[in-house]
Amino acid sequence: QFLYFIGPARIPPGAVPGFFPRAAVHSPLAHSARHSMADPVPPEPASSFASAPDAAARSGAPEAGAIPDGAEEEDLAPRFPAYGCGLSRLGMMRGVYCAYFTATVIAAAFVSLLYESKGFSPFAVGWLGALQPMCVVAVVPGVCYVAETRSWQQPFMLWAFALSTVLITAIVALSSQTLIVVCAVALNVALAPTGPLLDEHVLAVIGKARKDTWGQYRCYGAYGWAVSAVVVSFIFGHFGWGYALVVWYGGVAVAAGGGFPT
């Protein structure tokens, strides 16, 4: 309230760009100060009987039901049910995030235990674990640029899911440490761009008008990660890696099959 009535009158509007809100710049005291200094025409008296649309037009606020700036009508249209069932594509995006993080928790959180079970030293396990952030820095900018310019997000994602499934299965089955290192490098290269590409795909599905709700969809990935971490740890401790891969296969199948068909 102090900035609303005092600040704009003492500091001319525009002296500090972006500091005072729109309502403060148009406060009664600031309005009279501007007219007294530069404009000989007195301000119009505020009418208490102004209609709501007129008041909204003067204040710059959008009318109720108006389409936001930058949003197209198709962004606000209801989504049609997908795959012949009652689940809409918007609802499916929650399941896609959950399934994606359910699968990738194996390659992110438990892969060091897999390397250790293959006889790698702690030093080698540390280097193999460092492949993930290094591949993100080296691979993601170029792959995402090509996918964005050529609209290849879906093919890149599907190929990455397929290739990573083959590679992680090979790492579990192989005994040669040299081949395991080669597969580990290829696995991290394939998985590195999947997260950003999936985020871009989900944002395209939910539309510009709903982009502020993206975090509500993304949080389902945390749910999938939390549940999968407990399940995979139990399966790995009691049955081995061969059975733990079932979680990977199921998560990748849902993420690939549920997110991309149109």
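Student: Which helix gives the largest share of the lining of the second largest pocket?

Tutor: Helix 7 does, with five residues. Keep in mind that this is a predicted model, where local features need pLDDT of at least 70 and side-chain atom pairs count only at pLDDT 80 or more, while totals for chains, interfaces and linings use all residues. Residues are numbered from 1 along each chain as its sequence is written, and side-chain values use heavy atoms, with hydrogens and water left out.

Student: What makes a residue part of that lining?

Tutor: An atom within 4 Å of a pocket point; the pocket itself is an open set on a 1 Å grid over the protein atoms alone, where a 1.4 Å probe fits, with protein on both sides within 12 Å along at least five of seven lines. The second largest pocket has 17 lining residues, with Y100, T104, Q132, L191 and T194 nearest its centre. Its volume, meaning the space filled by probe spheres set on the points, is about 270 Å³.

Student: What makes D199 and R218 a salt bridge?

Tutor: The rule wants a side-chain nitrogen of Lys or Arg within 4 Å of a carboxyl oxygen of Asp or Glu. Here the N to O distance is 3.3 Å, so the pair passes. The pair links distant parts of the chain, with D199 in helix 13 and R218 in helix 14, 19 residues apart. By this rule the count comes to one salt bridge.

Student: Is D199 buried or exposed, and what is R218 called?

Tutor: Buried is under 20% relative accessible area, exposed over 50%, partly exposed in between (1.4 Å probe, protein chains only). D199 has 16%, so D199 is buried; R218 has 29%, so R218 is partly exposed.

Student: Why does F123 count as exposed?

Tutor: Because F123 has 63% relative accessibility. F123 sits in helix 9.

Technical notes:
Helix = DSSP H or I, 4+ residues; strand = E, 2+ residues; numbered from the N terminus.
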